[in-house]
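Here's a quick walk through one model, loops first, then helices, cores and charges.

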Amino acid sequence: LCIYYIFKVVSMMKNLKDEIKTAVDIYKIGNFVKAEKVTRELIVANPNVVFLYNLLGVILSAQDKFDEAIDIYNKGIEVDPKFGMIYNNLGLIFFNRKSLDTITDTNISEAEKLYKKSIKIDKKNPEPLTNLGNLYNFLNKNDKAITFHKMAIETNSKFYVAYLNLANVYVSTGDFHEAEKCLSKAIELNINFTQAHRLLSRIKK
């Protein structure tokens, strides 16, 4: 869950700080059922807080309740169509990396549109940039993929996930030297980044 948005919403609504933090913490420890219950209750009490719809959509997606998540995200968009992260998270549903073997052209097109919408609304968030890079990597549009991953890093140089995603593009093009540099940077930023360690060990074999 994007920390940028957590701080943003907390600063706007001080009275909800503790309740939102509780819901996010429950989600982070993996108790999705309880997190869903708490967040739904918060929405009933605060129906005009768009962040809560975004949070509930994330929690539902974590449980593979994608149709429910789409419905909740769309309700959030009705509350505030300028909340960029919701479009990014909707895009993640349409471009579901758990089922890329069955993804349709329609879903790819919808995800691309949603990522671009998120980027247009919130240029400070690196997540939709790197997610769009992942989509282009899947389509073998490697130059575009590299461009958007680098844009994500330029937006936030400490966003270590983007370095891993960029490394994946370099691996797919056979540029293992650049991939290793990206992975080393990702690990420098997060020493416990298991995916980066795993890919780096594969490259060095």
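## Two loop residues with positive phi

Asp 64 sits in the loop that runs between H4 and H5. Keep in mind that this is a predicted model. Asp 64 isn't a glycine, yet its phi is positive, at about 65 degrees. How accessible is Asp 64? It comes out at 45% relative accessibility, so Asp 64 counts as partly exposed.

Asn 140 is another one to click on: it also isn't a glycine, and its phi is positive at about 65 degrees. You'll find Asn 140 in the loop between H8 and H9. With a relative accessible area of 63%, Asn 140 is exposed, since anything over 50% gets that label.

## How H4 and H5 pack

Back to the helices on either side of Asp 64, which lies in the loop between H4 and H5. Helix H4 covers residues 50–62, and its axis comes within 8 Å of the H5 axis, with a crossing of roughly 170 degrees. Which way do the two run relative to each other, parallel or antiparallel? An angle over 145 degrees counts as roughly antiparallel, so that is the label for H4 and H5.

On the H4 side it includes Val 50, Tyr 53, Leu 56, Gly 57 and Leu 60, and among the H5 partners are Phe 66, Glu 68, Ile 72, Tyr 73 and Val 79.

## H6 against H8

Now for another helix pair. Helix H6 (residues 84–94) and H8 have axes that come within 10 Å and cross at roughly 25 degrees. That angle makes H6 roughly parallel to H8, the cut-off being under 35 degrees. As for handedness, the H6 and H8 crossing is left-handed.

Which residues meet here? From H6 it's Met 85, Asn 88 and Leu 92, and from H8 it's Glu 127, Pro 128 and Asn 131.

In soluble globular proteins, nonpolar side chains tend to be buried together. In this model, the largest nonpolar core has 33 residues, and Leu 135 and Leu 183 are the ones that touch the most other members. Six helices each put in at least two residues: H7 (105–121), H8 (127–138), H9 (142–155), H10 (160–173), H11 (176–189) and H12 (194–204). Which of them gives the largest share? That would be H10, with seven residues.

Zoom in on Leu 135 and skip its neighbours within four places in sequence: what's left in contact is Phe 95, Ile 108, Ala 111, Glu 112 and Tyr 115. There's also a second, separate core, made of 31 residues, with Val 38, Leu 60, Phe 83 and Leu 114 among them. Leu 60 is one of the H4 residues in the contact with H5 as well.

## Salt bridges

On to the charges: how many salt bridges does the structure hold? The count is 10. Arg 40 is partly exposed at 32% relative accessibility, and Glu 68 is partly exposed at 37%. Both belong to a network of salt bridges that links Glu 36, Arg 40, Lys 65 and Glu 68.

Helix H11 has its own pairs. Lys 181 bridges to Glu 178, with the closest N and O atoms 3.1 Å apart, and the two are three residues apart in H11, about one turn of the helix. Lys 181 is partly exposed at 44%, as is Glu 178 at 22%. Glu 188 and Lys 185 form a bridge too, at 3.3 Å between the closest N and O atoms, and these residues are likewise three apart in H11. Glu 188 counts as exposed at 59%, whereas Lys 185 is partly exposed at 28%. For a sense of scale, Lys 181 and Leu 56 are 37 Å apart, C-alpha to C-alpha, and 125 residues apart in sequence.

Methods
Residues numbered from 1 in each chain as written. Predicted model: local features only at pLDDT ≥ 70, side-chain atom pairs only at ≥ 80, totals over all residues. Heavy atoms only, no water. Core = buried A, V, L, I, M, F, W, Y, C linked by side-chain atoms within 4.5 Å. Buried < 20%, exposed > 50% of the residue type's maximum accessible area, 1.4 Å probe, protein only. Helix = DSSP H or I, 4+ residues; strand = E, 2+ residues; numbered from the N terminus. Contact = heavy atoms within 4.5 Å. Salt bridge = Lys/Arg side-chain N within 4 Å of Asp/Glu carboxyl O. Axes fitted to C-alpha atoms, helices over the stretch in contact; angles between N-to-C directions. Parallel < 35°, antiparallel > 145°, perpendicular 65-115°, else oblique. Left-handed = near helix turned anticlockwise from the far one by under 90°.
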